[in-house]
Amino acid sequence: MPDALYENPGAPISERVRDLLGRMTLTEKVGQLNQRMYGWDAYRRTPGGHELTDAFRKEVERFDGMGALYGLFRADPWSGVDHSSGIGAVDSAAVAARVQRWVRENTRLGIPVLLVEEVPHGHQALDGTVLPVNLAVGASFDPDAYARAAAFAAAELRARGGHVALVSGLDMLRDPRWGRAEETFGEDPYLAARLTEALVRGAQGEAGADGLFAPDRAAVVLKHFAGQGAGVGGRNNPETGIGARELHEIHLPAARAGVRAGAAGVMAAYSEYDGVPCAANRALLTGLLREHWGFRGVVMADGQALDRLERLAGDAAGAGALALSAGVDLSLWDDAFPRLEEAVRRGLVPEEAVDQAVARVLRLKFRLGLFDTEPEEVPPLPAADAGPRESLELARRSLTLLHNDGGVLPLAGSVRRVAVLGPLADGIVHQIGDYTAPQRPGHGVSVLAGIRAAAPAGTGVLYAPGCALTGDGLADEELARLREAVSLARDADVAVLALGGSSAREDDTEFESNGAAVVATEGPPAGMTCGEGVDLADLRLPAGQRALLEAVRATGTPVVVVLVQGRPHAVPEVAGPADAALCAWYPGPWGGAAVADVLFGNAAPQGRLPVSVPRTPEQLPVYYNGKDHPYGGYVDQSGGPLYPFGHGLSLADCTWGGPELSRAEVSVAELAGGCEVRCTVRLRNDGARPAHEVVQLYVRRVHAPVWPRTRELRAFRRVELAPGERAEVTLLLGAAELEFTTADLEQAVEAGSLEIGVGPSSADLRTVPLTITR
């Protein structure tokens, strides 16, 4: 029999938490709220394996325990961890067990430690599977596929000994100049909400008795809460400048969906809302999140965010008290929460507030089974080929055909010579995005390698970079590269240009203390054009890339542009001069194979744009769901996007009919009682190739108590049609799809006149009226 109730696995978690909390000193409690240490400082690699450091032991001793350890397996230029110094997949479980056993056996109460890891698009660890970035996931419009990928990432994390996955998903891309654009699901709150649900459903699975996680599922902390994607000028972490309605309509739906799906935690954003930093915003973290939404999980601070609160609180202890009172439970690397014991003694915060936060952290540890399993008990690693399959499948679903003038794609059998050009053609590092561990040599498939493998026998594939990733292309060396590329293009039947950007961090990249890249005034760091800390004022492709496209187009050879990017660039030179354009948001290590399959017709492009593509940065913002007003353009250019939200072409030719509603009128009471209006649209594939369509339904409020948005996505469904096949697609409109933010910022269905639009994009809709009566 266990000596204490908290050690009894048969007791309810709530009672175990209460019992353990009653046995803890204030010092031990404060220790459970701290995540001070960088995980890579907890071990060192030796010729015989890995050993724990004195710094780790001292950190455990300081509070007689450790709440959480961040990034034990993290590897990248910021951490300085690579294959020579880090922890590979084979050794991960053993090192994690060594960490866990030390904490449990060398502290008074033996409370396990949470191992917290970055899982932005796969586990950021050596040998971790890298998935396409979130913007690519948004382009897939496929929550089910994402749920499968998230489940795989969680299983891989748990097999290595990790417990908690930090995953972006709550930030909305309202300004593509923001360097963290790739971490978002796009500009639309409904799409982001459905993908956030899928993330939680896949990674966490169905909770068992008393909320227990399955051994191969991980706790998800969703970041960032809330409004971080609304930084003024597209800059990282400035003021947001949004009002309450904008917050509720655009920036909260994904978080609300994640909380309803059961997310274990959320991370407070760096940004401020109405002058109050999110980590100090009690109205947001406690009033809205906990009291109104009923969230019971953990709120984590972002890296060193609490130290910034000293400007509001005066010193570190005051900053910690301010954040704790607001609703933060777990810190990250800061000096504020370690001073909470002092804050209690100074009367800045009551010990009861510490107890509440500790109880939430302990509850998560019990739900993960950390008290009741041996540290070595982890599920087996997934099969070696499972990760590449998941990543490639998600990449295939995300590739978006922007235009295909004259039917250049798929490349015909008569194409005998292909010139593959551009700075992003031959290199995995540019395909994998920010927050990615170093990849082993030979791992993955570049665009060039994919084309060589997919090209029919006898096809000549020639390569030249043509220009550097950044720069104006005017130096002698650059001009020589350009001439070589033009020569290859002139002799080819088609030229494939891989252009775009890169979030690849280099060894000489400089970093802020929280890991963001340092932006120099003379240009992006180490060639990066995207990623955390790399915000751009100019969204055009670099001058050297534009010069390459112009020179190749002048040869008269058909041009196919493949945009490998983490943000939507303003690319009018692609929309016009290029004969075809394919968008590949950082598609992961195997993205080159997916690109090649589409180029040669072995697979169909399936993606749709999760964000509007601007014509120029001067016209921002260009998101599709702005306020409905008549002033849509400028004197000197259009105010509309180059490519609209939801746009994406198929290689087949489909005919759309409808839409038709099952009824033209429905009451608020009927909808509240579960009534649904059926919206039906008929499709027919008139082409000779399979068609992949995304049926998109938008709602426009014609009459409303507050000024409405132009239109809002409220349903979508992917459809696959064989040549000649017909399909009848029905989308259901219930209370959840027809509710809006009311005048008092609640979500409810209101009477009024609506316009239901259905089509292949936000700019190509057929509409039908729907009236909601009182």
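Student: Where does aspartate 64 sit?
Tutor: Aspartate 64 is in the loop between helix 3 and strand 3 (68-70). Helices here are DSSP runs of H or I with at least four residues, strands are runs of E with at least two, and both are numbered from the N terminus. This is a predicted model, where local features need pLDDT of at least 70, side-chain atom pairs count only at pLDDT 80 or more, and totals for chains, interfaces and linings use all residues. Residues are numbered from 1 along each chain as its sequence is written, and side-chain values use heavy atoms, with hydrogens and water left out.

Student: What makes aspartate 64 worth a look in terms of phi?
Tutor: Aspartate 64 has a positive phi of about 50° and isn't a glycine. Most residues other than glycine have a negative phi.

Student: Why is aspartate 64 called partly exposed?
Tutor: Buried means under 20% relative accessible area, exposed means over 50%, and partly exposed is in between, with a 1.4 Å probe and protein chains only. Aspartate 64 comes in at 27%, so partly exposed is its label.

Student: And tryptophan 333: buried or exposed?
Tutor: Tryptophan 333 has 8% relative accessibility and therefore counts as buried. Tryptophan 333 lies in the loop between helix 12 (316-326) and helix 13 (340-345). Its phi is positive too, near 70°, in a residue other than glycine.

Student: What about proline 382: why does it get its accessibility label?
Tutor: With a relative accessible area of 25%, proline 382 is partly exposed. Proline 382 belongs to the loop between helix 14 (351-367) and helix 15 (386-398).

Student: Which residues does proline 382 contact, leaving aside its neighbours within four places in sequence?
Tutor: Phe152, Glu156 and Ala159, where contact means heavy atoms within 4.5 Å. Proline 382 and phenylalanine 152 are 230 residues apart in sequence, yet their C-alpha atoms are 8.0 Å apart in space.

Student: Why are helix 1 and helix 14 called oblique?
Tutor: Start with the angle: helix 1 (residues 13-23) and helix 14 pack at about 130°, with their axes 9 Å apart. Axes are lines fitted to C-alpha atoms, for helices over the stretch in contact, and angles run from 0 to 180 degrees between N-to-C directions. Under 35 degrees is roughly parallel, over 145 roughly antiparallel, 65 to 115 roughly perpendicular, and the rest is oblique. The value of about 130° falls in the rest, so the pair is oblique.

Student: Which residues of helix 1 and helix 14 meet?
Tutor: Ile13, Arg16, Val17, Leu20 and Leu21 in helix 1 meet Asp355, Val358, Ala359, Leu362, Arg363, Phe366 and Arg367 in helix 14. They divide into eight nonpolar, no polar and four charged. For that count, Ala, Val, Leu, Ile, Met, Phe, Trp, Tyr, Cys and Pro are nonpolar, Asp, Glu, Lys and Arg are charged, and the others, Gly among them, are polar. As for burial, helix 1 has Ile13, Arg16, Val17, Asp19, Leu20 and Leu21 on its buried list, and their cover includes helix 2 (26-32) and helix 14.

Student: How do you know that helix 9 is largely enclosed?
Tutor: Seven of the eight residues of helix 9 (residues 253-260) are buried, so the rest of the structure largely encloses it. The buried ones are Pro253, Ala254, Ala255, Arg256, Ala257, Gly258 and Val259. Their cover includes helix 7 (189-204), strand 6 (219-225), helix 8 (244-251), helix 10 (282-292) and strand 25 (747-748). Just after helix 9, glycine 262 has a positive phi of about 100°.

Student: How do you know that the buried residues of helix 18 line one face?
Tutor: The buried residues of helix 18 (residues 543-553) are Gly544, Gln545, Leu548, Leu549 and Val552. Down the helix axis they fall within an arc of 140°, so they line one face; the arc is that of the directions from the axis to the C-beta atoms. These residues pack against elements including helix 17 (476-490) and strand 15 (559-565).

Student: Last one: which bond between lysine 223 and histidine 224 is flagged?
Tutor: A cis peptide bond, with omega about 10°, and histidine 224 lies in strand 6. Another cis peptide bond joins leucine 620 and proline 621, with omega about 0°. Proline 621 is in the loop between helix 20 (591-599) and strand 17 (654-656).
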